[in-house]
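This report walks through one protein model, from its core to its charged pairs. Please look over the sequence and the structure before reading on.

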Amino acid sequence: MKVRFHLPGIAGHFKFNMVFISMYKNCPEFFREGVEIASVYGAFPQSLWNGGRITDGLCDRKFVKSALDSFNGQGIPVRFTFTNPALEKKHLNDKFCNMVLSLANNGMNEVIVVSPILEDYIRKYYPQYKLTSSTCKRLNSLDALNAELEKDYHIVVMDYDLNNKFDILEKVNHKDKCEILVNSNCRPNCPDRALHYHSLGEKQIAAANHLRKYPNSTFDTRVFGDGYTQNCPYCSRDLFAIKDLPTNVKPDDIWDKYVPMGFNQFKIEGRTANLYNLMETYIYYMIKPEQADYARYMFLRNLTSNGVITINE
């Protein structure tokens with residue numbers, strides 16, 4: 001049995017994830033049956049192609065290479081969230097994103113895509129990358145999902161609105177290629193989700209261009225206003241606030257329902273999550289309930305000793 005989890009944060013949660021990976025390697029007794037870390041996904045700061053969340057700040061080639069070497073050295077692929085739906089052909093020559101793809105072009109790493117323009121570009125110039133079709137496409141019907149699964153994608157991330165609709169899930173083809181987002185914060189059947197993604201894409205382009213011109217000046221997303229991303233009451237909800245949503249996937253259901261049906265790819269949301277919320281989410285989904293308290297204690301100790309969090313004694 002393989003239960004493959006895709007974890008958030010190649011840059012912002014870099015140290016956090018490396019500490020968790022160390023615990024995964026060294027304390028297998030903590031983990032539920034069959035858990036595998038299938039990838040760590042996200043984007044490095046100033047990645048103009050990034051989508052779904054804003055990556056703010058700057059980083060250099062040295063950090064990019066160090067992070068890639070660290071994850072790949074543990075046998076874990078990196079998946080780039082190059083899911084910006086607002087891209088135009090002029091953006092394909094972005095030096096930073098091309099540098100990142102060049103550094104990671106070893107046949108192990110992957111890219112999540114939305115834009116046909118960018119997808120065609122990557123297939124032509126970086127053919128070693130496995131491509132994932134993003135949940136940002138909003139493929140929220142059985143026919144749309146099955147059609148996407150027939151295409152040349154390594155994985156297709158299912159729209160969260162199909163979660164727990166087992167009468168539909170039974171009819172999904174190629175379940176082994178289908179990835180399920182287990183802990184979406186977004187409200188079920190959100191009418192603004194596609195518009196939200198497009199607005200975030202526009203903001204990412206503006207943020208990347210601003211920081212390259214003014215590297216010592218923070219980009220203020222509040223002045224880049226719109227009707228879909230400002231003051232959204234759903235974006236910052238924690239694990240405990242979303243457990244009862246009809247789109248939330250319970251850990252026991254992964255093992256008791258989804259895996260026996262043939263699904264084995266599961267995505268944890270949280271690239272911009274609070275570290276304590278992300279810790280609880282990892283424990284909730286991947287750690288045996290009877291080991292949760294001790295695993296949490298050990299994780300906190302290791303996060304502290306590695307300087308990820310600071311606790312005043």
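The model is predicted.

## Thr 83 and its loop

Thr 83 lies in the loop between strand 3 (78-82) and helix 3 (95-103). Is Thr 83 buried or exposed? Its relative accessible area is 4%, so Thr 83 is buried, a label that means under 20%.

Thr 83 has contacts well away in sequence. Leaving out residues up to four places away, Thr 83 touches Trp 49, Asn 50, Gly 51, Gly 52, Ile 112, Val 113, Val 114, Ser 134 and Cys 136. With Gly 51 there is also a polar contact: the backbone oxygen of Gly 51 lies 3.3 Å from a polar atom of the Thr 83 side chain.

## The nonpolar core

The largest nonpolar core has 89 residues. Six of them touch the most other members: Phe 5, Phe 44, Phe 80, Ile 254, Phe 266 and Met 286.

Take Phe 5 as an example. Neighbours within four places in sequence aside, Phe 5 is in contact with residues that include Val 35, Ile 37, Trp 255, Ile 268 and Tyr 285. Ile 254, Phe 266 and Met 286 are also among the contacts of Phe 5.

## Helix 10

Helix 10 covers residues 275-286, 12 residues in total. From first C-alpha to last, helix 10 reaches 16 Å, close to the 16 Å expected at 1.5 Å a residue. At its start, a side-chain oxygen of Asn 274 comes to within 2.7 Å of the backbone nitrogen of Tyr 276.

Why is helix 10 largely enclosed by the rest of the structure? Because 10 of its 12 residues are buried. Among them are Asn 277, Glu 280, Tyr 284 and Met 286. What covers these buried residues includes strand 1 (3-8), helix 1 (14-26) and strand 2 (35-42). Helix 8 (239-242), helix 9 (251-261) and helix 11 (292-305) are also part of the cover.

## His 13

His 13 lies in the loop between strand 1 and helix 1. At 6% relative accessibility, His 13 counts as buried. His 13 and Ala 273 are 260 residues apart in sequence, yet 9.2 Å apart in space, C-alpha to C-alpha.

Which residues does His 13 touch, not counting those up to four places away in sequence? They are Pro 8, Gly 270, Arg 271, Thr 272, Ala 273, Leu 275 and Leu 278. Two backbone oxygens meet polar atoms of the His 13 side chain. The oxygen of Gly 270 lies 3.0 Å away, and that of Arg 271 lies 3.2 Å away.

## Asn 72

Asn 72 lies in helix 2. Its relative accessible area is 15%, so Asn 72 is buried. A polar contact of 2.9 Å joins the side chains of Asn 72 and Asn 109. The backbone oxygen of Ile 76 lies 3.0 Å from a polar atom of the Asn 72 side chain.

Residues up to four places away in sequence aside, Asn 72 touches Pro 77, Val 78, Asn 106, Met 108 and Asn 109.

## Salt bridges

Side chains of opposite charge can pair when their charged atoms come close. How many salt bridges does the model have? The count comes to 17.

One of them joins Asp 69 and Lys 65, with the closest N and O atoms 2.9 Å apart. Both residues lie in helix 2 (residues 61-73), 4 residues apart, about one turn of the helix. Asp 69 is partly exposed at 45% relative accessibility, and Lys 65 is partly exposed at 43%.

Arg 123 and Asp 152 meet in another salt bridge, at 3.1 Å from N to O. This pair links distant parts of the chain, 29 residues apart. Arg 123 is in helix 4 (residues 116-125), while Asp 152 is in the loop between helix 5 (142-149) and strand 6 (155-157). Arg 123 is partly exposed at 31%, whereas Asp 152 is exposed at 60%.

Glu 148 pairs with Lys 151, the closest N and O atoms being 3.1 Å apart. Glu 148 is buried at 5%, but Lys 151 is partly exposed at 46%. Finally, Arg 138, Asp 159, Asp 161 and Arg 193 are linked in a network of salt bridges.

Key
Residues numbered from 1 in each chain as written. Predicted model: local features only at pLDDT ≥ 70, side-chain atom pairs only at ≥ 80, totals over all residues. Heavy atoms only, no water. Salt bridge = Lys/Arg side-chain N within 4 Å of Asp/Glu carboxyl O. Helix = DSSP H or I, 4+ residues; strand = E, 2+ residues; numbered from the N terminus. Buried < 20%, exposed > 50% of the residue type's maximum accessible area, 1.4 Å probe, protein only. Core = buried A, V, L, I, M, F, W, Y, C linked by side-chain atoms within 4.5 Å. Contact = heavy atoms within 4.5 Å. Expected span 1.5 Å × (residues − 1). Polar contact = N/O pair within 3.5 Å; in protein donor to acceptor, adjacent residues only side chain to side chain.
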